Amino acid sequence: MIRIDRVATWIFIAAFAMLVPSIQFLGYLDECVAVALLALAVADSMLNTGAWRRYRLLWILWGIMAFYAVYSMTVVNYTSRMPIIIDTLIESKPFITLFVMMAVRPVLTGADKKLLRGIAVVNVVVCALVLLLPNSYIRMAIQHISYGGIFIFLSTLVYMMCSIRSDGTISSHNKLTIVVMALTGLTCGRSKFYAEFVFLLFFLFAYRPGILRRITLRQIAGAALLVALVVAVTWRKFSFYFLTGNSGATTFDPSVVESFARPVLYFTGFRILLDHIPFGTGLASFASFRSIEPYSGVYTEYGINRVHGLSPEMPSFICDAYYPSLAQFGIVGVALFAWLIAYVIRLIGSLVRCGSSPQIALYSVGMLCVLFVLIESTTGTAMVNCGGVMAMLILGIVAGRAIDRLSSASVDQSV
């Protein structure tokens, strides 16, 4: 009999092995992973009595997405049916991978971990070498330098997860390897990676359960200095993306706001949340890939169809950040996204709250996945691409371990 948890593990290993070449040669890898895991959940629910209960979050997700699909086609109707159907899968795939992995709860064997560590090292070496090449070769290999940083960080997290010993700790040797792997990602020059790298160092060397309750003035000062350093390093890019853009000004000038695509997306997304209460403008209508062709009427309605990068003739910056696309789902969708993040954080928190030995390293991996998703979503769409799907796969494995730990704690208490 086929073991569902092993199939899920093989899907995870295969997806991780194909992560780097997916950008240029396997563009539909993330969709294939989501569909494979969805099919696995459906098969498990049909073949095993009562198994469908484990996937209740998945069925709730599809209920919500079905509602938004019908709402998009009948109530708001900003685009045609096919883009709405496609966008339903695009917006669902990271959550499908998370919920299925949480339900299946695969446990990696020693052989699995050894294989994944090897793949992680190869991924990092390949990406590091690519990042040293001229820009034309980088585009040929991974399209954009940002993918190098994303793949290196995710590969580092997989190596970290697979280096956790039976007592829940990571050896000094493996910690050094993790730091070296992450250091290679600094060559991508991405401000988001710098922030992720800082959080990695914090969870790898400084985090302890209850650290915020025992924080001292010295630690506050150190944290403030660290934040100041991060801001100093990333300020130029932050200013360009969110304040001055290409205006050359040193302060924010509202008169030139429409010359920068990303701030316009954020500002318009906020207006949409206020104007289209409570369900937004619907799927494939705003700041998503499928809102480009056919060109969504939302951009014309809000007068941003002439903004460079958001126009029908040059729409390359429409799908440039994940958070603005939440306007498609309205205030209800934003609240559901915030609830899910809070739920997952609380769930993986049981790894350090429950049981006799806190699983600090595994909790750290889970939190770093959450932070990766939150940080990348500010100025990118990794959430609905291979990077986000891989992060959700890792987070699903960690969350599954947390569910097992909660179950064990409940049994111990009942006994």
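The buried residues of helix α4 are covered by elements that include α3 (29-47), α5 and α15 (330-353). The model is a predicted one, and the secondary structure of the protein comes to 17 helices and zero strands. Of its 415 residues, 52% count as buried, and among the contacts with a separation of 6 or more, 74% are between residues 24 or more positions apart.

**Helix α4 and the residue that follows**

- Helix α4 has 21 residues and reaches 29 Å from its first C-alpha to its last, which is close to the 30 Å expected at 1.5 Å a residue.
- The buried residues in α4 are L58, L61, M65, Y68, A69, Y71, S72 and V76, and the elements that cover them include α3, α5 and α15.
- In an α-helix there are 3.6 residues a turn, so residues three or four places apart point the same way.
- Just after α4, N77 takes a positive phi of about 55°, although N77 is not a glycine.
- N77 belongs to the loop between α4 (56-76) and α5 (81-104), where N77 is partly exposed, with a relative accessible area of 49%.

- With a relative accessibility of 28%, R105 counts as partly exposed.

**Packing of α9 against α10**

- Two packed helices are described by the angle between their axes and the distance between the axes.
- For helix α9 (residues 172-184) and helix α10 (residues 191-206), the packing angle is about 175° and the axes are 11 Å apart, and α9 and α10 are therefore roughly antiparallel to each other.
- On the α9 side the contact is made by K175, I178, V179, A182 and L183, while α10 contributes F193, F197, L200, L201, L204 and F205.
- By class, this contact of α9 with α10 has ten nonpolar residues, no polar residues and one charged residue.

- The peptide bond from I277 to P278 is cis, with omega near 0°, and P278 has its place in the loop between α12 (261-275) and α13 (297-301).
- A cis peptide bond also joins E293 and P294, where omega is about 0°; P294 likewise lies in the loop between α12 and α13.

**S291, in the loop between α12 and α13**

- S291 lies in the loop between α12 and α13, and S291 is buried, with a relative accessible area of 0%.
- The side chain of S291 makes a polar contact of 2.6 Å with the side chain of Y299, and a polar atom of the S291 side chain lies 2.6 Å from the backbone oxygen of S288.
- Not counting residues up to four places away in sequence, S291 touches A284, S285, F286, S296, Y299 and I318.

- Y302 lies in the loop between α13 and α14 (322-325), and with a relative accessible area of 8%, Y302 is buried.
- The residues that Y302 touches, leaving aside those up to four places away in sequence, are T268, R271, I272, D275 and H276.
- With D275, Y302 forms a polar contact of 2.9 Å between the two side chains.
- Y302 and T268 are 34 residues apart along the chain, and their C-alpha atoms are separated by 7.3 Å.

Methods: Residues numbered from 1 in each chain as written. Predicted model: local features only at pLDDT ≥ 70, side-chain atom pairs only at ≥ 80, totals over all residues. Heavy atoms only, no water. Helix = DSSP H or I, 4+ residues; strand = E, 2+ residues; numbered from the N terminus. Buried < 20%, exposed > 50% of the residue type's maximum accessible area, 1.4 Å probe, protein only. Axes fitted to C-alpha atoms, helices over the stretch in contact; angles between N-to-C directions. Parallel < 35°, antiparallel > 145°, perpendicular 65-115°, else oblique. Contact = heavy atoms within 4.5 Å. Nonpolar A, V, L, I, M, F, W, Y, C, P; charged D, E, K, R; others polar. Polar contact = N/O pair within 3.5 Å; in protein donor to acceptor, adjacent residues only side chain to side chain. Expected span 1.5 Å × (residues − 1).
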